[in-house]
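Subject: A structure for you to look at

Dear colleague,

Here is the structure I said I would pass on to you. Please keep it open beside this message while you read what was found in it.

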Amino acid sequence: MSTTNGTAPIAIRTTGLSCGYDGRVVLQDVNIAVPQGRITCVLGGSGCGKSTLLKTLLMLEPAMGGSIYIGADDMCCCDNARLQVLRRSVGVLFQGAALFNSLTLLENVAFPLLELTELDEAIATETARLKLALVGLAPYAHFLPAEVSGGMRKRCGIARALVRDPAILFLDEPGAGLDPTTSAGLDRMILGIRNRLGTTIVVVTHELPSIHAIADHCIMLAGGRVIAQGTLEQVGASGAPGVREFFERIPPDEPQPTEGLATLLLP
Ligand SMILES: Nc1ncnc2c1ncn2[C@@H]1O[C@H](COP(=O)(O)OP(=O)(O)O)[C@@H](O)[C@H]1O
Ligand SMILES: [Mg+2]
């Protein structure tokens, strides 16, 4: 397991952030710090607001209150030009990869460069080719998404998220729907991106093997709030209600095993 260097600079910070939709608050009083160049896992059960937090940090959903700082910039007070620059420094893989079915993998990865930059098409294609190679998909550049596996589509989505060399990469449940071996391969790739590119990576996940494999830092959500944050050990030791249930996979209304039984049954 990776460990967090407590002295890492902070890439993203929120103070008193509220997130939600149409006046309905999903998360409130979110005060988090995402260390730069590390992998931060956003944890919590289904529907607890992980994707909502991600969309709010990406400014795709407006914050209902509070502040989001990317580096020293308060996202809520930036002018449009600065916001554009900040948005460019972020890459994202949404749940399900969301590739264009009629474009090849290479065209999918080149798409943000052709749509959002003035880059010459040949340079955009070459850049996309390099990113596909980075995620191990160079031989499949001319395949359509439907012609490759789910794990390869996720890798392609990550290559597309990386194509503009973002300082921060957001991944929403990259392992969802993948078999354990493929998911473990994706985890190794995410670690490789952190190690080789120094990217700050925020991964939404509820998959315990992934969390153990990649998390330098964790932010745990439950009941509309952040209930714990820190290294995996710190979160595990926090004693916050809901943490033990999450890590021991105890359904909310199920009787909990006694101490002795838990030692016998749980890793
Ligand atoms: N676009 C939306 N409009 C309204 N409510 C939404 C929207 N997206 C999510 N929600 C609601 O917000 C809550 C948190 O959802 P979400 O952030 O997707 O959870 P998670 O990613 O943790 O599974 C849920 O109650 C969900 O129904
Ligand atoms: Mg989600």
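By class, the shell around ligand 1 consists of 3 nonpolar, 6 polar and 1 charged residues, where Ala, Val, Leu, Ile, Met, Phe, Trp, Tyr, Cys and Pro count as nonpolar, Asp, Glu, Lys and Arg as charged, and the others, Gly among them, as polar. The residues around the ligand include Tyr-21, Val-26, Cys-48 and Lys-50, and a residue is taken to be near a molecule if its C-beta atom, placed from the backbone, lies within 6 Å of it. Helix α1 (residues 50-57) gives the largest share of this shell, 3 residues.

This is a predicted model, in which local features need pLDDT of at least 70 and side-chain atom pairs count only at pLDDT 80 or more, while totals for chains, interfaces and linings use all residues. Residues are numbered from 1 along each chain as its sequence is written, and chains are lettered from A and ligands numbered from 1 in the order in which they are written.

The protein has 10 helices and 11 strands, which are DSSP runs numbered from the N terminus (helices H or I, at least four residues; strands E, at least two).

The axes of helix α3 (residues 105-116) and helix α4 (residues 121-134) come within 8 Å and cross at roughly 125°, with axes being lines fitted to C-alpha atoms, for helices over the stretch in contact, and angles running from 0 to 180 degrees between N-to-C directions. The two helices α3 and α4 are therefore oblique to each other, since angles under 35 degrees count as roughly parallel, over 145 as roughly antiparallel, 65 to 115 as roughly perpendicular and the rest as oblique. The residues of their contact divide into 9 nonpolar, 2 polar and 3 charged.

Helix α5 (residues 150-162) and helix α6 (residues 180-197), in turn, pack at an angle of about 20° with their axes 10 Å apart, which makes α5 roughly parallel to α6. Their contact is made by Gly-151, Lys-154 and Arg-155 of α5 together with Thr-182, Gly-185, Leu-186 and Met-189 of α6, two residues being in contact if their C-beta atoms, placed from the backbone, lie within 7 Å.

With best wishes
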